[in-house]
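Please walk me through this structure.

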Amino acid sequence: MVKPKTEEEIELLRENAVLVSKTLAEVGRIVAPGVTTLELNRVAETFIRDHGAVPSFLGYEGFPAALCLSVNDTVVHGFPSDYVLKEGDIVSVDCGTLYKGYNGDSAYTFPVGEVDAATRKLLDATKASLYEGIKAAVAGNRTGDIGYAVQSYAESFGFSVVRALEGHGLGREMHEQPGVPNYGRPGRGTHLVEGMVICVEPMINEGVKDVYLAGNGWAVKTSDHKKSAHYELTVVVRRGKAEQLSTFEYIEKDSRINF
């Protein structure tokens with residue numbers, strides 16, 4: 001049985017969610033051809049620490065950075081590096097914070113400059129599938145309802161859903177129960193109870209669903225080397241409609257950001 005959060009805990013998680021959302025917007029402002037992923041990481045870590053929090057990814061099971069930065073065929077868990085972003089790339093920026101004993105976690109995939117029509121379709125469909133999943137994150141449903149909503153939407157565009165990775169609960173720990181797959185059957189999986197806080201995070205591939213672990217033991221890449229997109233929001237399970245804690249509004253209202 002997954003224990004729901006108290007309203008006091010939810011408010012602390014909301015503070016983290018807002019900080020993560022604003023951090024993603026700070027990073028988005030400098031995503032452009034010619035910028036290294038190390039620079040994206042530097043901006044995020046500085047912003048997080050300047051707001052009294054710590055980057056929760058840094059040091060987590062040995063992870064060496066504040067952000068997971070995953071370019072093109074890297075699905076998730078990419079390391080920042082000297083890689084210079086190029087026109088037409090996409091970069092998933094996954095960010096976590098630890099503040100007042102609770103965690104924040106959210107991700108957004110940014111286009112670098114102008115991307116082709118196929119890539120834009122992948123980004124739009126993946127983000128829309130996230131919102132379809134959130135619609136199903138209501139009390140009385142199960143995690144399979146969320147997964148089915150994501151899967152059926154993404155696959156209707158000819159894309160594939162990564163099976164090897166999933167969303168998760170969030171609280172004092174970065175990864176809590178329940179697991180939240182991005183595929184499944186309605187009426188299956190963990191019961192959703194009001195007050196559960198979960199991260200819904202579709203990872204959708206342009207090509208096949210199969211992935212492999214890179215030699216560094218962290219980065220997950222598509223087996224056919226086609227692009228993958230990743231978006232993540234933190235929500236509270238409520239009756240009738242989920243409550244979003246994190247948001248993409250700071251990104252998408254900023255005219256300086258290409259989204």
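Is E61 buried or exposed? The model is a predicted one, and in it E61 has a relative accessible area of 65%. Exposed means over 50%, so E61 is exposed. Look for E61 in the loop between strand 1 (54-55) and strand 2 (67-71). Its backbone deserves a glance too. Phi of E61 is near 50 degrees, a positive value, although E61 is not glycine. Most residues other than glycine have a negative phi.

Move on to N72. This residue sits in the loop between strand 2 and strand 3 (74-76). Phi of N72 is positive as well, near 60 degrees, and N72 is not glycine either. What about its surroundings? The relative accessible area of N72 is 16%. Buried means under 20%, so N72 is buried.

Now turn to the largest pocket. It holds about 420 Å³ of space. Its lining is made up of 22 residues. Nearest the centre of the pocket lie Y60, H77, H168, H175 and E201. Two elements give two or more residues to this lining: strand 7 (167-169) and strand 8 (176-180). Strand 8 provides the largest share, with four residues. Sorted by class, the lining has ten nonpolar residues, six polar ones and six charged ones.

Stay with strand 8 for one last stop. P178 lies in this strand. The peptide bond that joins Q177 and P178 is cis, with omega at about 10 degrees. Most peptide bonds are trans.

Key:
Residues numbered from 1 in each chain as written. Predicted model: local features only at pLDDT ≥ 70, side-chain atom pairs only at ≥ 80, totals over all residues. Heavy atoms only, no water. 1 Å grid on protein atoms, 1.4 Å probe; cavity = no way out; pocket = protein on both sides within 12 Å on 5 of 7 lines; lining within 4 Å. Points joined across faces, edges and corners; volume = space filled by probe spheres on them. Nonpolar A, V, L, I, M, F, W, Y, C, P; charged D, E, K, R; others polar. Buried < 20%, exposed > 50% of the residue type's maximum accessible area, 1.4 Å probe, protein only.
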